[in-house]
Amino acid sequence: MSDAPYEPGPIDYLVVEFPGSRMTGEGLPLLVDLVDRGIIRILDLVFVMKEQDGSIRGVELTDLTGDSELDLTVFEGVSSGLLGEDEIDDVSGVLEPGSAAGVLVYENAWAGPFAAALRRGGGRLVANGRIPVEEVLASLEAAESNA
C-alpha cells in the first residue's frame, strides 16, 4: 500500500441507448476487465428502460441478458451519489420510448497519478475535451483515401 495521498482521475459519464431494449451484454465483460485492470473505477452504474408511455423504470443489474453467463452483481449497489433522480430524468429525455439505457459514471483511475505528478511539477490543465469517434473515423478514412 502506498503512503501517497489518493489522487482521483477525471470523472466521466456515458449514456448508451439500446433501441428496442435489445441489450446483448457484449460490452460488459470489457467493462469488468477495465475495472479489474485498474484503468477505471465505476462510481455509478444504472440501467433504465423507457416505456412506450414515456415513463422510466430502473432495471436490476443481475443478468441483464438473460443468458445466465454474465453476473453483474459485483456492481450492484455501486453508488457515489453523483447520479441521482435529476440525472436519470435528464437521461429519460434523450431516450426513445421502448428503449433501454446504461448510465455509467466512472473515474479514469489511470489518470489520477499522472495528473498529480504533472501538478507537482508545476503543470496545470488549461483545456481538455473529447473528439467524437465519428470524426476520428472520418478523418482516418480521408487520410487513407488521400494516401
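Asp-90 belongs to helix 2 (residues 85-94) and is exposed, its relative accessible area being 57%. The terms are set as follows: buried means under 20% relative accessible area, exposed over 50%, and partly exposed in between, with a 1.4 Å probe and protein chains only.

Val-136 lies in helix 4 (residues 133-146) and is partly exposed, with a relative accessible area of 34%.

The chain contains four helices and four strands, these being DSSP runs of H or I with at least four residues and of E with at least two. Along the sequence their order is β-α-β-β-α-β-α-α. Strand 2 (residues 41-50) and strand 3 (residues 56-59) run antiparallel and are joined by four bridges; pairing requires at least two bridges found by DSSP. Lys-50 stands opposite Ile-56 of strand 3. The two strands form a hairpin with five residues between them, and Gly-54 in the turn has a positive phi of about 95°.

Of the 147 residues in the chain, 27% are buried.

Residues are numbered from 1 along each chain as its sequence is written, and side-chain values use heavy atoms, leaving out hydrogens and water. Because the model is predicted, local features need pLDDT of at least 70 and side-chain atom pairs count only at pLDDT 80 or more, whereas totals for chains, interfaces and linings use all residues.
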